[in-house]
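This briefing is meant for a reader meeting the structure for the first time. Please keep the sequence and the 3D view at hand while going through the points below.

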Amino acid sequence: MLLMLGISYPGGTTDVNFDFSDEQRALQNEVKRFLSRRCDLSVARRVLDDESLGHDESVWREMLELGWAGIAIPEHFGGVGLGYLELCVMAQEMGRSLAPVPFSSTIYLFSEAIRRVGDPEVLEAILPQVAAGQLIGTLAYAEGLGFPRSDHISVRYRDGRLSGEKWPVLDSNIASKAVVLASDDDGRPCLCLVDLEQPSVQRRVLESIDPTRDQGVLTFNATEARCLGEPGDSSWSVFQSVLDAAAVLLAFEQVGGAEACLESAIAFASERKAFGRTVASFQAIKHKLADIYVGNQLALSNAYYGAWALDSGSDELPLAASAARVSATHAYEFAATESVQVHGGMGFTWEADCHLFLRRSRSLALLIGDLGMWKGRVTTEFERKVA
Amino acid sequence: MLLMLGISYPGGTTDVNFDFSDEQRALQNEVKRFLSRRCDLSVARRVLDDESLGHDESVWREMLELGWAGIAIPEHFGGVGLGYLELCVMAQEMGRSLAPVPFSSTIYLFSEAIRRVGDPEVLEAILPQVAAGQLIGTLAYAEGLGFPRSDHISVRYRDGRLSGEKWPVLDSNIASKAVVLASDDDGRPCLCLVDLEQPSVQRRVLESIDPTRDQGVLTFNATEARCLGEPGDSSWSVFQSVLDAAAVLLAFEQVGGAEACLESAIAFASERKAFGRTVASFQAIKHKLADIYVGNQLALSNAYYGAWALDSGSDELPLAASAARVSATHAYEFAATESVQVHGGMGFTWEADCHLFLRRSRSLALLIGDLGMWKGRVTTEFERKVA
Amino acid sequence: MDFEDTPEESRFRNEVRSWLEEQATHYDLSGLGILSTEQQLALGREFQARKADRGYAKVTWPRELGGMGGTPMQAVIYDEEEQKFDFPTVFFGISIGMPIPVMRRFATEEQQARYLIPALRGEEIWCQLFSEPAAGSDLGGIRLRAVRDGDDWVLSGQKIWTSWAHISDFGVIITRTDASVPKHQGMTYFFVDLESPGIEVRPIKQAAGGGEFCEVFFTDVRIPDSNRLGEVNGGWGVAIATLMEERFAVTEAAGGGASLEDAVRFLRQEFDDGESGMNDPRVRDKIADWYVAEAGINNFYARLLTGLSQGQLPGPEAALSKLVIARKLQTQSSSLMDICGPAGAIYPDHQASRANDHRMAWLEAAGYRIAGGTDEILRNTIAERVLGLPGDIRLDKNVSFDELA
Amino acid sequence: MDFEDTPEESRFRNEVRSWLEEQATHYDLSGLGILSTEQQLALGREFQARKADRGYAKVTWPRELGGMGGTPMQAVIYDEEEQKFDFPTVFFGISIGMPIPVMRRFATEEQQARYLIPALRGEEIWCQLFSEPAAGSDLGGIRLRAVRDGDDWVLSGQKIWTSWAHISDFGVIITRTDASVPKHQGMTYFFVDLESPGIEVRPIKQAAGGGEFCEVFFTDVRIPDSNRLGEVNGGWGVAIATLMEERFAVTEAAGGGASLEDAVRFLRQEFDDGESGMNDPRVRDKIADWYVAEAGINNFYARLLTGLSQGQLPGPEAALSKLVIARKLQTQSSSLMDICGPAGAIYPDHQASRANDHRMAWLEAAGYRIAGGTDEILRNTIAERVLGLPGDIRLDKNVSFDELA
């Protein structure tokens with residue numbers, strides 16, 4: 001019998017179209033072609049090797065010229081007017097190529113926050129800039145070890161000014177604007193839009209396990225800021241929904257990375273010989289690769305469901321997004337770690353690419369909150385559905 | 001560098017004698033010979049197949065005649081006057097042979113509780129009977145789902161009488177005496193000695209996944225009982241220390257069972273052929289067997305340390321016992337489950353012995369509290385040692 | 001990406017649904033658990049006959065063969081809807097799923113006319129006599145001999161793990177007809193009447209108690225050459241064709257066992273420490289893992305269906321769902337026992353609830369990880385047939401079967 | 001069962017301990033982390049010389065060879081005590097551990113007189129030139145050629161994963177001298193002066209940053225036949241003898257990485273949600289698993305030592321400790337990062353603490369699971385050499401090396 005657990009598909013499980021459209025596949029291939037031409041792994045490696053770099057300027061430029069930043073932004077804001085599903089397939093390719101660009105910070109986090117707050121004036125002011133590739137944005141919510149609680153946010157918003165320290169913040173050093181999670185005098189959570197180019201903002205890059213995407217500290221000293229929407233629960237749930245959306249998009253990045261790890265492990269094992277046979281002919285290696293495949297397929301399938309929930313605005317999103325996040329995080333970590341194993345000694349050298357994926361798998365696993373936090377969310381959401 | 005973590009061996013780790021003595025090994029072989037002659041797996045199977053049986057009377061009789069019940073009881077109480085280390089090696093063989101006898105209930109739990117309370121009068125009255133094989137005893141502490149809390153025990157002790165229900169209780173149907181965990185009118189925990197042959201005691205056998213060792217319900221209705229020691233924290237810590245002692249002894253039973261699973265899996269895999277080779281020649285099977293071996297060795301090593309702590313009366317006992325318990329539970333469950341896998345279809349038939357071990361591994365894993373409870377204890381005890 | 005049926009599909013779904021609801025009124029499906037196998041089988045045959053009359057027994061087959069000439073998607077829709085009820089059709093699954101399609105493909109016109117419809121109607125049940133004591137995962141290792149004798153063949157040997165043989169009327173069987181050639185080249189495929197003299201069927205009691213599996217012993221069983229399916233020594237090809245009929249292993253993936261919803265309901269009660277089991281963060285963590293695994297399989301299945309609706313037949317990747325679900329069933333059920341502490345080892349008193357109880361599920365999971373392919377076999381399938389990695393080294397390829405044993 | 005040293009042992013332990021304490025006063029061991037490799041090496045040589053003068057550099061060897069004629073237990077006691085300090089002796093471990101014992105066993109009297117003592121004193125360092133790009137786990141697959149030329153041999157090819165080659169003066173090396181015979185029968189063993197013309201050493205940068213490993217390239221390197229150890233084409237036997245010197249892999253098992261005590265101290269701090277990390281039952285659950293694994297290895301080691309004290313040499317079972325500890329190090333360090341949330345990916349600012357930081361440990365663990373045998377190789381070792389299961393099927397046993405590649 002079929003598991004109907006948790007997920008109840010409208011019209012039963014015989015979704016006749018639980019897949020991306022031909023147009024979306026075409027876009028994915030276009031993105032893939034561009035990335036393999038302009039952004040193979042050597043680009044991520046260059047950013048890794050050069051401590052002064054936090055992203056690749058020229059590749060990012062070209063992406064902007066191609067209008068990628070505006071893909072999902074409505075046409076009347078100067079965007080291409082496509083949707084989340086298109087972002088999903090792009091994210092998968094970004095993950096596969098480890099593209100060292102501020103795409104996730106600007107699109108999944110910053111512009112997603114702006115859109116979910118939905119203040120018309122702000123949309124008017126910001127989205128066209130994003131679409132035109134005129135700004136790099138980010139979301140600043142963490143305040144050190146762990147994950148913030150709605151009643152425990154130290155950065156303070158008072159009379160249009162923000163004070164306190166946020167870290168780690170993705171692409172904090174190159175972003176020109178940020179949406180910042182703060183609390184007001186009554187300790188209510190609020191989201192503030194801040195121009196990071198003000199002198200009262202101090203920035204410092206932090207050393208992380210994944211130098212191909214910079215993270216840093218943002219310190220505000222009575223920095224001018226605009227409070228978006230109403231402080232309180234509504235702001236907190238906007239913040240949550242931004243994380244949900246980002247979780248789905250990052251899940252596709254994670255799956256893309258995991259697929260790349262599996263491909264390279266298979267290629268290496270089929271080439272490399274030991275004891276007079278290819279490494280791929282040893283059952284222990286075959287089964288390891290099979291397990292990676294299984295994890296990747298589960299993650300991809302859960303990501304699909306997340307994409308559907310995100311795109312259709314379904315109230316299944318919190319559960320679908322959390323499940324996609326947990327599944328993709330497990331899959332990428334397993335694929336990246338075991339791919340190093342399959343590569344043997346080679347896999348742990350600096351010039352082999354394995355550690356680039358290993359590093360990225362970890363940084364993505366932590367970026368918007370760790371497994372424990374997201375698993376808790378899965379259970380809370382699932383429990384709701386159980387009478 | 002060596003891990004000194006948690007364990008600090010007096011005089012460094014170069015224990016020159018972290019092993020059982022020749023005499024203890026001799027005893028173990030004697031026990032092993034007796035069990036293989038009188039109590040091979042067919043005995044446990046007989047008890048399993050016959051719903052009316054909860055243990056094997058004749059084997060138990062012979063063990064008593066050999067004085068096994070008195071092995072660790074001082075000579076002046078009519079025992080053999082040996083110690084815990086002897087009980088450990090016996091337990092390992094009991095586990096290997098799945099002996100369906102009330103040894104653990106009577107020795108590890110009941111007589112351990114009597115001894116740790118240490119009331120001279122009670123020792124005088126009870127231990128000689130145990131040593132002489134005149135009574136089967138047990139410990140009744142659970143009250144249904146989960147594990148009792150010292151401030152949440154429903155069975156009530158008042159003016160020398162006990163009322164309430166305890167389940168599951170090991171060998172409750174054949175025991176003539178029990179030590180019962182109860183609470184007094186002030187809600188303080190206390191341990192009571194009860195003669196189960198009183199008419200006010202109702203007994204009912206419960207159906208369990210391991211019918212080779214009966215468990216049941218004991219219901220007391222104003223049943224005469226004797227409170228041992230002082231109600232309160234002291235009684236609770238006696239109860240804890242009884243569980244610690246039992247944890248070490250059961251760990252040896254569990255390891256014995258796990259070793260038997262590994263042996264039979266290796267024997268089967270070396271015999272059985274598939275695709276023109278012995279099953280044992282497939283890497284997936286080899287590695288599975290290697291993993292079982294690793295788990296068993298870790299468990300045995302932790303059990304050794306538990307034995308040392310138990311025997312030497314070291315205050316390391318709570319940590320050593322918890323670690324032995326967790327390690328042995330993991331090892332036995334893994335060995336029993338994967339041994340079924342290695343045996344393939346045969347492994348899941350009723351006439352194959354795999355499921356006898358599978359059932360026992362589960363019942364031992366739950367008998368004195370589940371993994372979660374014991375892991376919590378490991379961490380609490382370890383944390384104490386970290387400055 | 002959307003989850004809507006096409007108009008025709010939803011029309012068919014409604015038609016099926018209302019028919020099933022109407023049928024359900026004839027049975028007390030909730031009480032089935034208490035009935036004996038014989039009683040359930042009788043009810044099952046009754047329902048199966050009605051089902052076959054509507055062509056639902058084999059949706060994709062033409063009407064003249066007892067089908068309704070429907071599409072693969074319609075077949076899936078029917079299965080999904082029927083699964084929402086508890087009709088006792090388990091006895092016919094294999095019969096109609098594998099032997100009968102093979103009969104349709106390899107038997108003569110007359111034979112098809114004689115056997116197909118009665119099987120679809122559940123009047124006759126077919127089993128599949130494949131595995132042997134010395135040939136489990138490795139079907140090529142079968143030894144049961146078939147020796148030519150005039151127009152007949154004489155069969156001697158033993159089969160094992162044959163599902164439902166004790167209630168079957170006929171069976172398809174793979175035999176060894178030439179041991180002097182490499183193992184896969186000396187096998188021949190037949191069908192046999194289980195009433196034939198010399199056949200003895202013995203049910204196998206499983207570790208968890210009951211069981212659908214049997215041993216079948218053949219002593220000089222004589223069958224006509226006309227019962228042969230495919231060429232002499234061409235049995236391996238027919239066997240492969242049979243196995244290929246095993247589609248959507250995924251639809252059976254869940255096996256028995258407590259659902260995760262049941263688990264949550266179970267955990268909500270108060271435990272001995274006065275707390276609800278759902279208050280333990282360690283438990284909540286595990287529930288998330290189990291949910292993610294089940295959701296992953298559901299969504300994976302939805303992707304397979306999408307492929308099907310686009311005309312792609314699902315291949316070996318379906319193996320992954322059993323690999324995932326079987327292990328998940330095992331860890332979930334044992335964790336639920338752990339959470340109960342000592343009481344976790346005790347069965348609930350009420351027999352009827354036993355079937356969906358996690359203690360029973362835990363025992364069954366051990367067998368479920370083996371039946372239809374052990375974890376190791378499934379990983380090999382994925383590695384070789386999905387990822388295209390090399391097969392295990394075979395020492396038995398070009399050796400005659402005699403030399404092997 | 002007891003944990004007491006024998007009187008002689010505790011006397012020796014005290015003697016060693018007090019000597020080490022006295023030595024420690026000469027160095028600022030806490031500050032070592034900041035020094036360059038060169039500076040650490042200089043200090044190490046200084047200490048190693050003193051150590052050798054007392055015979056501690058090779059406790060079990062006779063005095064005339066630079067040892068102290070001690071027992072294996074005394075050797076262990078010395079190691080244990082020295083491990084309690086942080087003397088920079090890592091550079092000499094392999095040199096004295098493997099090549100030098102082989103020299104003692106296979107080199108001439110004169111050669112031993114020339115080379116042993118300087119190595120024990122740390123004046124000269126030896127490396128072991130085994131692995132090659134195409135021969136990692138499978139040492140039998142090495143290709144580096146040695147061609148006889150009069151009284152000399154000419155070596156050409158590449159070695160890789162050679163620890164400390166960049167600071168070594170000499171190396172023992174295994175070469176291919178006959179490719180027309182099966183792989184294990186055509187290898188010869190030599191020692192070589194790394195100053196010889198035609199040798200180029202290139203350190204390998206590892207994924208975690210620095211690294212002790214090197215590539216070593218040989219271009220027509222000429223060495224005298226007197227540098228040969230063992231028979232021509234008898235190199236495999238010598239190599240095995242070398243590997244057999246690898247005893248107590250367990251003593252190195254812990255590798256780097258935060259200790260569990262450090263982990264608890266780390267977790268005690270207040271996290272972003274205002275709670276201490278130690279308040280999370282999920283975290284406490286994991287700590288228990290890690291503790292149990294480490295305690296298991298400690299106690300396993302204590303059992304090996306007991307065997308040693310009873311004259312049994314520890315065998316391949318020691319492989320299990322690395323298997324367990326490497327994976328534990330990886331999961332522990334990644335879990336500690338998880339617990340920190342987004343900040344888990346950030347290194348602590350203070351450089352010195354980096355060495356014992358769990359973020360660094362996580363990166364290194366990936367390599368630690370490979371160096372000295374991957375998980376798969378270790379499982380094979382246990383399965384074959386401990387459990388006596390059959391070896392993997394070899395297609396390369398009786399085939400000449402030429403045909404293989």
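In chain B, helix α8 (residues 283-312) and helix α9 (residues 317-347) pack at an angle of about 155°, and their axes are 8 Å apart. Since an angle over 145 degrees counts as roughly antiparallel, α8(B) is roughly antiparallel to α9(B). The model is a predicted one, and the points that follow should be read with that in mind.

**Helix pairs**

- The crossing in which α8(B) passes α9(B) is left-handed, and the residues of this contact divide into 18 nonpolar, six polar and two charged.
- In chain A, the axes of helix α7 (residues 233-271) and helix α8 (residues 283-311) come within 9 Å and cross at roughly 155°, which makes α7(A) roughly antiparallel to α8(A).
- The crossing of α7(A) and α8(A) is left-handed, and on the α7(A) side the residues making the contact include A:Ala245, A:Val248, A:Phe252, A:Leu262 and A:Ile266, while those on the α8(A) side include A:Ile285, A:Leu289, A:Tyr293, A:Leu300 and A:Leu310.
- Sorted by class, the contact of α7(A) with α8(A) has 19 nonpolar residues, three polar ones and one charged one.

**Chain A as a whole**

- Chain A contains 11 helices and nine strands, and its radius of gyration of 21 Å is close to the 21 Å that the globule rule gives for 387 residues, so chain A is as compact as a globular protein of that length.
- Taken along its principal axes, the C-alpha trace of chain A spans about 75 × 55 × 40 Å, and 64% of the 387 residues of the chain count as buried.
- Of the contacts in chain A with a separation of 6 or more, 74% are accounted for by residues 24 or more positions apart.

**Chain C as a whole**

- Chain C contains 13 helices and eight strands, and its radius of gyration of 23 Å is close to the 22 Å that the globule rule gives for 405 residues, so chain C is as compact as a globular protein of that length.
- The C-alpha atoms of chain C fill a box of roughly 75 × 50 × 45 Å along the principal axes, and buried residues make up 48% of the 405 residues in this chain.
- Where contacts in chain C join residues at least 6 apart in sequence, 70% of them link residues at least 24 apart.

**Where chain C meets chain A**

- Between these two chains, 56 residues of chain C are in contact with 50 residues of chain A, and the helices of chain C that each supply at least two residues to its side of this contact include α1 (7-24), α3 (72-83), α10 (319-339) and α12 (375-386).
- The largest share of the side of chain C that touches chain A comes from α9(C), with 20 residues, and the residues of that side divide into 31 nonpolar, 11 polar and 14 charged.

- Leaving aside neighbours within four places in sequence, D:Ile287 is in contact with B:Thr379 and B:Phe382 of chain B and with D:Leu260 and D:Val264 of chain D.
- D:Ile287 and D:Leu389 are 102 residues apart along the chain, and their C-alpha atoms are separated by 34 Å.

Note on methods
Residues numbered from 1 in each chain as written. Chains lettered and ligands numbered in written order. Predicted model: local features only at pLDDT ≥ 70, side-chain atom pairs only at ≥ 80, totals over all residues. Axes fitted to C-alpha atoms, helices over the stretch in contact; angles between N-to-C directions. Helix = DSSP H or I, 4+ residues; strand = E, 2+ residues; numbered from the N terminus. Parallel < 35°, antiparallel > 145°, perpendicular 65-115°, else oblique. Left-handed = near helix turned anticlockwise from the far one by under 90°. Contact = placed C-beta atoms within 7 Å. Nonpolar A, V, L, I, M, F, W, Y, C, P; charged D, E, K, R; others polar. Rg over C-alpha atoms; globule rule 2.2 N^0.38 Å. Buried ≥ 20, exposed ≤ 12 C-beta atoms within 10 Å, placed from the backbone.
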